[in-house]
Amino acid sequence: MASFTLTTRSAAETLALGQRLGRRLLPGDIICMFGDLGSGKTTFVRGVAQGLGIDPGDIHSPTFVLLNIYHGRLVLYHYDFYRLEKPDDIAAIGYDDFLYGEGVSFIEWSERFGPLIPKVYLRTEFVFIDETRRRITLSAEDERYSRMLKELKAFSP
Ligand SMILES: Nc1ncnc2c1ncn2[C@@H]1O[C@H](COP(=O)(O)OP(=O)(O)OP(=O)(O)O)[C@@H](O)[C@H]1O
Ligand SMILES: [Mg+2]
């Protein structure tokens with residue numbers, strides 16, 4: 001079990017954290033994201049995209065489409081479950097078609113998973129502190145994601 005928390009002081013710092021994670025991702029990685037509206041989740045994914053060699057300008061919040069797919073070093077599946085109301089909705093959309101494939105999946109509003117939450121995933125929690133600061137906590141239970149977090153931590157600002 002590993003976790004670390006940091007406070008970013010600008011969108012650029014959140015992007016940079018995402019970028020560092022993006023460079024370390026492996027096929028099949030699942031990153032569940034939790035936190036309020038405007039807390040920085042999409043910004044973080046934009047950084048991840050950059051780390052995967054995808055133009056970050058292409059990344060838009062998928063709130064209205066549920067899933068966006070981007071092609072970089074790995075395929076990036078960017079989900080946003082904000083509009084889903086119950087776990088049944090999640091089952092109905094066949095959310096796991098991609099989740100357990102060779103790409104990497106980032107899921108905004110993972111609160112909505114309920115019991116369908118994947119067994120193993122990297123957990124990220126975003127808290128709005130004020131206009132420019134966000135508290136971000138990354139945590140993992142299993143060994144592989146824990147190792148990834150230790151590396152990320154070592155490179156933190
Ligand atoms: N430290 C910071 N980290 C991330 N974003 C920040 C920070 N400071 C300011 N911002 C701004 O806050 C906003 C975060 O919006 P973003 O779309 O990333 O949030 P979100 O968590 O995806 O929200 P939603 O739940 O609505 O999808 C952006 O406009 C960004 O520029
Ligand atoms: Mg978003």
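Which residues touch the most other members of the largest nonpolar core? In this predicted model, they are L21, L25, L76, F81 and F106, in a core of 44 residues. A nonpolar core is here a set of buried Ala, Val, Leu, Ile, Met, Phe, Trp, Tyr and Cys residues joined through side-chain atoms within 4.5 Å; buried means under 20% relative accessible area, exposed over 50%, and partly exposed in between (1.4 Å probe, protein chains only). Strand 2 supplies the largest share of this core, five residues. Helices (H or I, at least four residues) and strands (E, at least two) are DSSP runs, numbered from the N terminus. Beyond its neighbours within four places in sequence, F81 is in contact (heavy atoms within 4.5 Å) with L66, I90, I93, Y95, I107, E108, W109, R112 and F113.

Turning to the sheet, seven strands build an open arrangement in the order 1-7-6-2-5-4-3, with mixed pairing. Its edges are strand 1 (2–8) and strand 3 (67–71), each of which pairs on one side only; two strands pair if DSSP finds at least two bridges between them. On average, neighbouring strands of the sheet are turned by 15° against each other, direction ignored. Strand 1 pairs with strand 7 (residues 134–140) in the antiparallel sense over seven bridges, and S3 stands opposite S139 in strand 7. Helix 5 (residues 143–154) lies across strand 1, strand 2, strand 6 (122–128) and strand 7, and runs at about 35° to strand 1. Axes are lines fitted to C-alpha atoms, for helices over the stretch in contact, and angles run from 0 to 180 degrees between N-to-C directions.

The magnesium ion (ligand 2) comes next. T42 (OG1) and E108 (OE) coordinate this ion at 2.1 to 2.2 Å. T42 belongs to helix 2 (residues 41–51) and E108 to strand 5 (residues 104–108), so that the pair links distant parts of the chain, 66 residues apart. Both T42 and E108 are buried. Donors are N, O and S atoms within 2.8 Å of the metal (3.2 Å for Na, K and Ca); water is not among the atoms, so sites may look incomplete.

G28 lies between helix 1 (11–24) and strand 2 (30–35) and is partly exposed, with a relative accessible area of 24%. G28 and G103 are 75 residues apart in sequence, yet 5.3 Å apart in space, C-alpha to C-alpha.

Residues are numbered from 1 along each chain as its sequence is written, while chains are lettered from A and ligands numbered from 1 in the order in which they are written. Local features need pLDDT of at least 70, side-chain atom pairs count only at pLDDT 80 or more, and totals for chains, interfaces and linings use all residues, with side-chain values using heavy atoms and leaving out hydrogens and water.
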